[in-house]
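This report walks through a predicted model, which is shown below.

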Amino acid sequence: IAIGDRGESDEARASFQTADAISEIPIPSGLEAGFATAETLRLDWDEVPGAIDYIVSSDPPDGKFEPCFAGKTWPRREVSELQPATEYTFTVVAVTKEGNSAASEPVTAMTRVMDIPSPDATTVTTNMVALTWRPIKNATDYHMVITQPPSDEPLGIVKVGPEGPAAPMRIVEGLRPDNMYCIRVTAVGDGVESPPCNSSFRTAEIPRPSGLEVSFITASTMKLDWTEVPGAIDYIVSSEPEDGKFEPGIGGKEWPQRMVSDLHPATEYTFTVVAVTKEGNSAASEPVKATTTVLDIPRNVEAATATTNMAVITWNAVKNATDYRVRVDPPGAEVKVGQEGPTAPKRIVEGLRPDTDYMIYVVAVSEAGESHECVTRIKTEALPCPARLSAPTVTDR
C-alpha cells in the first residue's frame with residue numbers, strides 16, 4: 001500500500017523466494033583399500049575441501065585407524081589390528097567446521113590368511129646364502145624353493161637353522177658362484193599358508209687373483225707370483241704368445257707361484273691367472289707384461305782353479321752367446337781367453353794378489369745384445385809360510 005498526503009493507494013500483491021539453502025558437505029569418494037596383510041591394510045580416498053578430519057568405520061568393527069605422516073586432514077588411514085582371513089566393509093565421513101558429510105560408498109576388502117614373508121639375503125658367499133625375514137604371526141614353518149628360471153627345478157640344499165623350522169631364517173648351500181637365483185618363501189601354520197613371496201639374489205663371484213708380478217727374467221725363463229685366492233685348489237696361467245711351460249713352485253699347484261720356462265728370447269709376453277676352486281673358476285686376473293732378455297744369464301760361475309796370483313773361471317754355456325765379458329773387482333787383473341776360444345764358458349784371470357777376495361762378473365754377449373750380469377766371489381790362496389826354520393850353529397865365540 002502506498003501512503004501519501006492525499007491518502008492511500010489500493011493494495012497490491014506480489015511474491016518472492018529466499019535464496020537456496022547452504023549446499024550439503026561433499027561426501028568422500030574414490031574409497032580404495034590396498035596393501036592388505038593378515039592384520040593390516042591401507043585406505044585412500046579423494047580429498048574433501050575444508051575437511052579437518054575423517055571418521056572411518058568398519059564392519060566388523062575391528063581395527064585401529066591411524067593417520068599417515070601428513071596428519072588427520074590427509075585422505076588416508078593405516079588400518080591395523082585386523083583379524084586374518086576376514087572380509088571387512090569400510091566407509092568414510094568427512095568432518096568440517098560446518099558439520100559432517102554423509103558416509104561414503106562402502107568398499108570391501110579381505111585380509112590375508114597369513115602375512116607374506118619378505119626374505120633378505122644377509123650373508124652371501126660363492127656357494128651359500130643365509131636368508132632372514134620378519135617373523136610371521138601364527139607361522140610354525142616356512143617352505144622355501146630356490147630355482148633358476150626358466151626352469152622350475154629346485155636347486156641347492158635348504159637347511160633349517162638351530163632355532164628350528166618356526167624361526168624366520170634358512171641357509172641354502174650347494175649353489176654356484178656368480179649366479180642369479182630366485183627364491184619362493186611361504187609361511188605355513190595350522191593348516192593354512194601365506195601367499196608365496198618371490199625374490200632373487202646373486203651369489204658372490206670367486207675372487208680374481210691379484211698382485212700378479214714377474215721376476216727373475218732370463219732369455220727363456222721367468223717367475224710369476226700373485227696373491228693367494230682362498231679356497232683355490234689350482235691356478236691356470238695363460239700367456240700371449242702361447243709359449244712356455246708352467247711349473248708349480250715348491251708349495252704345489254695351490255701355491256700362487258709358477259716357474260715359466262721354454263720361452264723365446266727378446267719376446268714380450270702377456271700373462272693372466274685364473275683361480276680354480278671346487279665351486280668353479282674365477283675371472284682372469286689383470287694382465288701383466290714382461291719381456292725376456294736377449295741371452296740367458298751365465299749360471300754357476302765359479303773358480304775351477306785358484307792360486308796365489310791367478311784363477312780359472314768357468315760357468316754354464318749360454319745358448320746363442322758368441323762371447324763373454326768378464327770383469328774383476330778390485331780391478332788390476334788381466335782376463336785372458338783360453339785355447340777353446342771366446343765362445344767357451346771359461347776365462348783365465350792373472351795378476352791377482354794373494355789371499356784376496358775378488359768379485360767376478362760375467363756377461364754373455366751376442367750380436368743381438370747382452371745378458372744380465374752374473375756375479376760370484378772368489379779368494380786367492382795365501383803365500384806359503386816357510387816350512388822349517390833351522391837353528392844356527394853356535395860356538396863359544
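## The cavity and its lining

The largest cavity has a volume of about 50 Å³, and a search of the structure with a threshold of 30 Å³ or more returns 1 cavity. Rolling a probe the size of a water molecule over the atoms shows where empty space is left.

The residues that line the largest cavity are Ala38, Glu39, Pro84, Val113, Met114, Asp115, Ile136, Lys137 and Asn138. Two of these names, Glu39 and Lys137, return in the next section, where the side chains of Glu39 and Lys137 are described as the partners of a salt bridge.

## Salt bridges

Over the whole structure, the search finds 19 salt bridges. In one of them the side chains of Glu39 and Lys137 meet, with an N to O distance of 3.0 Å. This pair links distant parts of the chain, 98 residues apart: Glu39 belongs to the loop between strand E3 (32–34) and strand E4 (41–44), while Lys137 belongs to the loop between strand E11 (128–132) and strand E12 (141–147). Glu39 counts as partly exposed because its relative accessibility is 25%, whereas Lys137, at 54% relative accessibility, counts as exposed.

A further salt bridge joins the side chains of Asp355 and Lys379, at 3.5 Å from N to O. Asp355 lies in the loop between strand E29 (346–350) and strand E30 (357–366), and Lys379 lies in strand E32 (residues 374–379), so the pair ties together parts that are 24 residues apart in sequence. Asp355 is partly exposed, with a relative accessible area of 45%, and Lys379 likewise counts as partly exposed, at 48% relative accessibility. Elsewhere, Asp44 forms a salt bridge with Arg42, in which the closest N and O atoms are 3.0 Å apart; Arg42 and Asp44 are linked with Arg76 in a network of salt bridges.

## Two open sheets

Strands of a sheet pair through backbone hydrogen bonds, either parallel or antiparallel. In this model, 4 strands form an open sheet in the order E10-E11-E14-E13, with antiparallel pairing. Its edge strands are strand E10 (120–124) and strand E13 (157–160), each of which pairs on one side only, and the twist from one strand to the next averages 25°. Within this sheet, E11 and strand E14 (residues 169–173) pair in the antiparallel sense over 5 bridges, and Val129 has Val172 in E14 as its bridge partner.

An open sheet of 3 strands has the order E20-E23-E24, and here too the pairing is antiparallel. Strand E20 (234–240) and strand E24 (288–291) stand at the edges with a single partner strand each, so one side of each is left without a neighbour in the sheet. The twist in this sheet averages 30° from one strand to the next. E20 is joined by 7 bridges to strand E23 (residues 268–276), the two running antiparallel, and Glu240 stands opposite Thr270 in E23.

E19 pairs with strand E18 (residues 213–215) in the antiparallel sense over 3 bridges, with Val214 opposite Leu224 in E19. The hairpin of E18 and E19 has 6 residues between the strands, and in this hairpin Phe216 takes a positive phi near 50°. E19 is also joined by 4 bridges to strand E22 (residues 257–261), and these two strands run antiparallel; in this pairing, Lys223 stands opposite Met259 in E22.

## Cysteines

A disulfide is a covalent bond between the sulfur atoms of two cysteines. The structure holds 0 disulfides. Cys68 counts as buried because its relative accessibility is 12%, whereas Cys385, at 67% relative accessibility, counts as exposed.

Definitions and conventions:
Residues are numbered from 1 along each chain as its sequence is written. This is a predicted model: local features need pLDDT of at least 70, side-chain atom pairs count only at pLDDT 80 or more; totals for chains, interfaces and linings use all residues. Side-chain values use heavy atoms; hydrogens and water are left out. A salt bridge is a side-chain nitrogen of Lys or Arg within 4 Å of a carboxyl oxygen of Asp or Glu. Buried means under 20% relative accessible area, exposed over 50%, partly exposed in between (1.4 Å probe, protein chains only). Two strands pair if DSSP finds at least two bridges between them. Axes are lines fitted to C-alpha atoms, for helices over the stretch in contact, and angles run from 0 to 180 degrees between N-to-C directions. A disulfide is a pair of cysteine sulfur atoms within 2.5 Å. On a 1 Å grid over the protein atoms alone, a cavity is a set of points where a 1.4 Å probe fits but cannot get out, and a pocket is an open set with protein on both sides within 12 Å along at least five of seven lines; lining residues have an atom within 4 Å of a point. Grid points are joined across faces, edges and corners, and a volume is the space filled by probe spheres set on the points.
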